[in-house]
Structure formats: structure tokens, C-alpha cells
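Open the model in your viewer and keep the selection tool at hand. This tour goes stop by stop, saying what to select and what is there.

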Amino acid sequence: MSRLRRPPARVWVWTAATLVVVAVAVLAWRGSDAAATSSTTAEAAVPGAGSPAAQVSQVWDAPLDGPPAAVQSGRVVVPTADGVSVLDPATGDEAWHYTRTGARLCGSTSVDDVVVVLFSTGGRCNELTALRAATGERLWYRSVGFRPDATLSSTDRIVLASSPTGLATVDPVGNNVRWHHAAPAGCRLTSAEAGSTGVAAVQECRDGSSQVVLLDGFDGTQLWSRDLGGDPARVVGADRLVDVVVGDQLEVLSQADGTTLQALALAPGAADGPLLQTGADTTALVWAGGTASALDATTGAVRWSVPGLGLPAPADDKADPGTVVVPEEGAFVTRDLATGAEVSRSTTADDVPAGGRTALVGSTVVVTTTDAVAAYR
């Protein structure tokens, strides 16, 4: 019977080296972005059908602490501390998620069937990722160098990153940064919004002056600038019209040259609370201080105004063309976009939160405020 031979020294060396390489690889993977990322996908949502019932109730809600929730591709995008969770609007069940352990979510926004998330893995908000809203598939990634306090918002074909020292826009379906805009020396940007008119921003300067500027959304060219004096001011929206709160009134500005089309007095304390704007057809929809209004996009004239708890939502064009859904006390009221006349009413015994944005997904009404999102059906 032959005796077992001790392996040559070189075999022990090769084995030890292999074990070291494996150990290093395992440790590297554990500390990598791949190990820190939890990502799931889903089938695309079936398009919502129908309209809200005559009586609805709250079917689910979720708290928010940071960026606002949004509806995109038939689902509700809910930001979390380290990513996003995307929910079925009818049930609140999770469809897919994307989270990064050890990273901080600086901002998220949803547009053009894409969810864009901005993460900080250190001091700055330095990583942008785009995900397909319908399924959760990753579309692109890029490194950026935004400030730690940068936030995201969006409009059609534009993602806007804002901070007190500057703005940048990103193509949501590509990963290119289109342009940067720095605040003038001695000034800071106090608010900015992207909309169909472009990107509007308010800048306040050390000499006590303040201005609102409108920039082209695609190339960053300054289209006009308007002096606001020294009163505190902030942009409400840049869809169809540019609306700016100045002191205790809402200045409605022409998208063409920034001239004041009209000034609307705000209820006491409304200037310090949430003010919201969106657009539909030739109408700018505005919510301020408990009132929902429809403004003509050319003249700024108030077409109609009703007491409301939040920003109206354009209804599904196929189900109810030319209408909007207004959250009101004890009901979601479908109104004619042109006249404000009531078309139908969905009553509810549950509380409707004030100061939120409303969205309609088939027969489900979604309301999102700064601290929660809720669904009614």
C-alpha cells in the first residue's frame, strides 16, 4: 500500500493565495453598492379604468418624511429614507422597490414614465439613478456633484435639481446634464419650479433686492427677469403661467415677459403655508389658502374659484374629458375645467387632508401632502 505524500510547498502557496483572493472579494462585495442595494421589479400595471364611485372611503395611507409622493405609470411612488417604494394605488401593496443601505435619499421625482432618485453616499448628493416607473428596471446611472441640500422636481422631459447656490437640469430618459445656472454673486436662490413655461426661480440678494427669473427649460437661456422689490417671495409654479407669492398676495405673471397680469389677495397666513400649481389645456390650476382656482393661461383671469382642500387633478381624458377632480370638504368633486360647474360628486365619511396634490388612477383618488399619502375608492 502506497504512502500518502505531502503536497509540494507551491500547492500550499497557491491554495493560501486563492483563499486570500476569495476573502478579499467577499469583503469587497459586502462593502459594494451591489450588496447595499435592494431592488425588485414587477409587471407593468394594468391601466386604471372607470371613475370614482358615488361614495368612496380611504383604503390605505402611508407616512412621508422628505420628498413628496407622486403618481406615475399607474402606480404611487413613495420615497423612503433610503430609496423608493412603489405601490398599487388600489390596495397600497408594494409592486417594486429600490433602496440603498447606508445611502441617504436626497430627492426623488417622477416624469415621462421614469422615477429619478438622487442619493448621497457622503457629504454631497452625488449619485443619480433612473428607474422605469412601470416595472422598476434600472435605466441609467450617473455621478453628479450636487450640494447636500439639493432637491429634485420635474416637468415634461426635464428633471430639475435645485439648491440655494444653483440649478441644474437633467434629461430623464437619458443621463446627460443639460445645463447649470449659478446664483449671481451676493444672491441665493430661495425657490425654483419647473413647468411648461420653463424654470422659474426667485433670487434674494444681500443688497435687499429680489428678482424672479424665467429660464428656458432645455438650454438654460434667461428669458426674462422681474424685480420684486425687497418683500419675501417664492415661486408657486411655472405651468402655463408663472405664479409668485410676494408678501401677502399671489402675483400672476405672463409667461411671455413677466409682466403682472393680476394680483390675487391671499387669506391671512396663506402665504406661509403650502401653495400649489399645475396645468391642464389652456388653464393654470392653483390652490392657495383653502381655495382652488382655474386661471386663463393667456390673460391670468380667474375662470372659476371654489373652496377646496387641495390642488385639483385633471380627470382621465377617456372617462371624463375636460374635467378636473377637486378635493373638497367631505367629497371629491368632478368639475368642468372651463366653467367649474359640478359634473359629479364622490362623497366620503373619511377626512380628506388639506394642502395636498390630487391624482386620479382609474377609480382611485390619491392625495399626497408633505407628510402622508392616502388613497380613496
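**Stop 1: salt bridges.** This predicted model holds nine salt bridges. Three of them make up this stop.

Select Arg 132 and Glu 137. Their side chains meet in a salt bridge, with N to O at 3.6 Å. How exposed is Arg 132? Arg 132 is partly exposed, with a relative accessible area of 38%. Glu 137 is partly exposed too, at 41%.

Next, select Arg 147 and Asp 149. Here the side chains form a salt bridge at 2.8 Å, N to O. Arg 147 has 28% relative accessibility, so it counts as partly exposed. Asp 149 is partly exposed at 34%.

Now go to Asp 239 and Arg 240. This salt bridge has its closest N and O atoms 3.4 Å apart. Is Arg 240 buried or exposed? Arg 240 is buried, and Asp 239 is buried as well.

Some background for this stop: side chains of opposite charge can pair when their charged atoms come close.

**Stop 2: the largest nonpolar core.** Select Val 116, Leu 118, Leu 128, Trp 140, Phe 146, Leu 152 and Val 159. These residues have the most contacts inside the largest nonpolar core, which has 17 residues. Which elements give two or more residues to this core? They are strands E7 (104–111), E8 (114–120), E9 (125–132), E10 (138–146), E12 (158–163) and E13 (166–170). In soluble globular proteins, nonpolar side chains tend to be buried together.

Stay here and center on Trp 140.

**Stop 3: the disulfides.** How many disulfides does the structure hold? There are two. With bonded cysteines counted along the chain, they follow the pattern 1-2, 3-4.

Select Cys 106 and Cys 125. A disulfide joins them, S to S 2.1 Å. The pair links distant parts of the chain: Cys 106 lies in strand E7 and Cys 125 in strand E9, 19 residues apart. Look along the S-S bond. Its torsion is about -95 degrees, so this disulfide is left-handed. Cys 106 is buried, with a relative accessible area of 10%. Cys 125 is buried at 0%.

Now select Cys 187 and Cys 205. Their sulfur atoms sit 2.0 Å apart in a disulfide. This pair also links distant parts of the chain: Cys 187 is in strand E15 (residues 187–195) and Cys 205 is in strand E16 (residues 198–205), 18 residues apart. The link is right-handed, with 95 degrees about the S-S bond. Cys 187 is buried at 19% relative accessible area. The cut-off for buried is under 20%, so Cys 187 still counts as buried at 19%. Cys 205 is buried at 15%.

**Stop 4: Ser 191.** Move along strand E15 to Ser 191. Why does Ser 191 count as buried? Its relative accessibility is 16%, and buried means under 20%. Show its side chain: a polar atom there lies 2.8 Å from the backbone nitrogen of Val 235. Not counting residues up to four places away in sequence, Ser 191 touches Ala 200, Ala 201, Val 202, Arg 234 and Val 235.

**Stop 5: Ala 354.** Where is Ala 354 found? Look in the loop between strand E31 (342–347) and strand E32 (356–361). At 53% relative accessibility, Ala 354 counts as exposed. Beyond its neighbours within four places in sequence, Ala 354 is in contact with Leu 309 and Thr 369.

**Last stop: confidence.** Color the model by pLDDT. The protein averages 89, and 89% of the residues score at least 70. Where is confidence lowest? It is lowest in helix H1 (residues 9–30), at a mean of 49. Strand E13 is highest, at 98. Finally, select residues 20–32. There pLDDT stays under 50, and the model has three contacts beyond four places in sequence for this stretch.

Technical notes: Residues are numbered from 1 along each chain as its sequence is written. This is a predicted model: local features need pLDDT of at least 70, side-chain atom pairs count only at pLDDT 80 or more; totals for chains, interfaces and linings use all residues. Side-chain values use heavy atoms; hydrogens and water are left out. A nonpolar core is a set of buried Ala, Val, Leu, Ile, Met, Phe, Trp, Tyr and Cys residues joined through side-chain atoms within 4.5 Å. Buried means under 20% relative accessible area, exposed over 50%, partly exposed in between (1.4 Å probe, protein chains only). Helices (H or I, at least four residues) and strands (E, at least two) are DSSP runs, numbered from the N terminus. A disulfide is a pair of cysteine sulfur atoms within 2.5 Å. pLDDT is the predictor's confidence in each residue, from 0 to 100. Contact means heavy atoms within 4.5 Å. A polar contact is a pair of N or O atoms within 3.5 Å; within protein, one must be able to donate a hydrogen and the other to accept it, and residues adjacent in sequence count only if both atoms are side-chain atoms. A salt bridge is a side-chain nitrogen of Lys or Arg within 4 Å of a carboxyl oxygen of Asp or Glu.
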